[in-house]
Amino acid sequence: MFDFQMEVMRVPLPSISFNDKTFLCKTLVFPKPSSSTALTPTISQFSQPPPPPPFVRGKSNSDKQDTVQFDDDLRRNWNLKRSLFQKLKHKDSDPVRILEADGDWSKELFWAVVGFLNQTSRSNQVLQVFDKWKSKDDSRVSEFNYRRVIRLLVEEGLVENAVLSLKEMKNVPNLQASSEIYDSIIHGFIEKEMLEDALFYVKEMEDLDVKPQILTYNRLIKAYAKNGLYDDMAKCVKRMESNGCFPDHSTYNLLIREFSVAGLIKMMERTYRIVISKKMDLEGSTMVAMLEVYSSFGILEKMEKVYKRVLRLRPKVDLQDDLIRKVAAVYIENCMFSRLDDMGIDLYSKTRNTDIVWCLRMLAHARLLSRTGMASVRHEMDSKKVRWSVSVANIMLFGYAKMRDFRRLKAVLAEMGARGVKPDIVMIGILWDAHGLGFEELDSWRKMGFFGNVVEFKTDPLVLDAFGKGEFFTSVEELDHRRSKVWTYEHLIELVKQHRQKTR
């Protein structure tokens with residue numbers, strides 16, 4: 001039986017080095033992937049050849065003739081591309097002159113050249129080559145070809161060249177620029193922060209009855225938000241509707257996020273109610289943005305509702321540590337310390353072992369002055385083999401110092417040394433303040449040599465939010481920090497002593 005696929009595999013292709021093969025493959029990647037605009041599906045010159053028809057007995061001679069023809073075409077096409085790329089590889093090569101010398105290029109060769117110029121950072125020559133190539137055949141003057149070239153130019157930041165191509169296209173009879181072409185140019189101007197130019201082409205679309213896409217308006221909304229033009233964002237929605245392009249869930253989610261970032265809570269909530277009334281989906285990033293603004297403004301009840309919804313999202317959304325701190329800070333400000341433990345448990349089920357999870361849980365019990373709770377969290381950390389962080393250690397020190405439980409305070413200090421937890425400025429402050437209450441361990445740590453280290457701040461800010469800065473840390477903030485770029489703890493303690501004597 002004649003095996004068509006095996007015959008193709010035995011085609012003797014021209015010899016070519018590995019580097020050349022890699023180079024050729026790179027040049028054949030065109031156009032670049034884009035999530036914003038999809039090309040009309042076509043059979044690309046770079047795709048795999050279609051599968052051969054099923055073999056039928058009695059037609060082996062015809063099959064062999066077809067295979068030979070296919071082999072010849074494949075070899076010829078390969079040689080042409082390789083020869084063309086060799087010419088283009090020269091620094092001073094002019095693709096337009098090469099096209100004139102060759103007479104003409106097929107569609108496959110032209111797009112291969114475009115890909116080559118794109119990959120070799122010579123996209124500024126694409127428009128000239130395109131003009132020359134399409135002048136040789138009127139059938140090449142098509143919306144499809146213009147769209148591909150314009151999109152490539154915009155992606156390479158050559159939006160001015162793309163505009164030239166659009167103007168030329170508008171002068172061609174019976175050829176109408178599509179919404180995809182306008183969207184590419186508008187996107188290009190927005191990326192260059194040329195909002196007025198982008199708006200000019202939106203107006204031109206509307207005047208020509210070319211219906212803008214939702215994506216086009218969404219990009220305008222982002223541009224308005226970036227420039228602080230929030231009233232224009234709302235006007236843009238009305239403009240969409242008047243042009244028969246009705247906003248979908250992506251537009252409303254975008255509006256909520258942008259209003260949230262700007263702190264415009266009333267406008268955010270108004271848009272949120274529209275989404276609910278229309279029974280549209282709220283995206284995870286939108287819920288997170290709402291949580292961020294509510295926590296930033298300390299709006300407890302609404303923050304809690306959104307936080308619970310975020311926890312129920314599927315797929316789950318990973319909250320950034322800074323946002324977790326904002327939410328926790330609201331609970332601390334409202335003395336709702338038990339909520340911190342709930343947060344830690346909820347986040348642990350999603351993120352497993354992270355410093356901030358154990359920080360929250362230990363902080364809840366320490367702030368409630370619960371020795372049993374602190375011991376329970378510590379035992380759970382040990383059972384899960386979680387290493388102590390400076391933040392967790394300092395929370396325990398703060399808690400026991402506040403309870404004046406110097407026995408446990410001393411035990412934590414000893415455990416820190418055994419576990420290799422190095423002190424930071426917050427811990428020195430705790431020891432300093434506890435020394436004023438009758439705790440006599442400050443000199444012991446000095447003898448251990450820790451005070452010769454350079455001052456560091458490694459404690460989570462939430463710890464100071466919960467317990468306050470204390471006398472030592474407040475004195476440090478009052479010092480003239482211009483005197484020295486690098487301080488040791490010993491030096492800092494002496495400066496604080498001198499500062500306190502002056503301020504008495």
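Reply: A residue is called buried under 20% relative accessible area, exposed over 50%, and partly exposed in between (1.4 Å probe, protein chains only). By this scale, N453 counts as partly exposed, because its relative accessibility is 32%. The model is predicted, so local features need pLDDT of at least 70 and side-chain atom pairs count only at pLDDT 80 or more, whereas totals for chains, interfaces and linings use all residues. Residues are numbered from 1 along each chain as its sequence is written, and side-chain values use heavy atoms, with hydrogens and water left out.

Helices (H or I, at least four residues) and strands (E, at least two) are DSSP runs, numbered from the N terminus.

Which residues of helix 8 are buried? They are V159, N161, A162, V163, S165, L166 and M169. The elements that cover these buried residues include helix 6 (126–134) and helix 7 (143–155), as well as helix 9 (179–191) and helix 10 (195–207).

I185 and W105 are the residues with the most contacts inside the largest nonpolar core, which has 148 residues. A nonpolar core is a set of buried Ala, Val, Leu, Ile, Met, Phe, Trp, Tyr and Cys residues joined through side-chain atoms within 4.5 Å. The element that gives the most to this core is helix 21 (residues 390–403), with 10 residues. In soluble globular proteins, nonpolar side chains tend to be buried together.

The loop between helix 8 and helix 9 holds two residues that stand in contrast. S178 lies in this loop and is buried, because its relative accessible area is 15%. Leaving out residues up to four places away in sequence, S178 touches E143, R147 and V210. N174 is found in that loop as well, but N174 is exposed, with a relative accessible area of 84%. N174 has a positive phi of about 65 degrees, although it is not a glycine.

A positive phi is also found at K279, another residue other than glycine, with a value near 55 degrees. K279 sits in the loop between helix 14 (265–277) and helix 15 (284–296) and is exposed, with a relative accessible area of 76%. Another backbone feature is the cis peptide bond that joins R314 and P315, where omega is about 0 degrees. P315 belongs to the loop between helix 16 (300–311) and helix 17.

Helix 17 (residues 321–333) packs with helix 18 (residues 338–351) at an angle of about 155 degrees, and their axes are 9 Å apart. Axes are lines fitted to C-alpha atoms, for helices over the stretch in contact, and angles run from 0 to 180 degrees between N-to-C directions. Helix 17 is therefore roughly antiparallel to helix 18; angles under 35 degrees count as roughly parallel, over 145 as roughly antiparallel, 65 to 115 as roughly perpendicular and the rest as oblique. Helix 17 contributes I324, V327, A328, Y331 and I332 to the contact, and helix 18 contributes R339, L340, M343 and L347.

Helix 26 (residues 470–478) and helix 27 (residues 489–503) pack at about 85 degrees, with their axes 10 Å apart. These two helices are therefore roughly perpendicular to each other. In this pair, E471, F472, S475, V476 and E478 of helix 26 meet L492, I493, V496, H499 and R500 of helix 27.

Not counting residues up to four places away in sequence, N453 touches W487, T488 and Y489.

Finally, the protein as a whole has 27 helices and zero strands. Buried residues make up 44% of its 504 residues. Of the contacts with a separation of 6 or more, 68% are between residues 24 or more positions apart.

Key:
Contact = heavy atoms within 4.5 Å.
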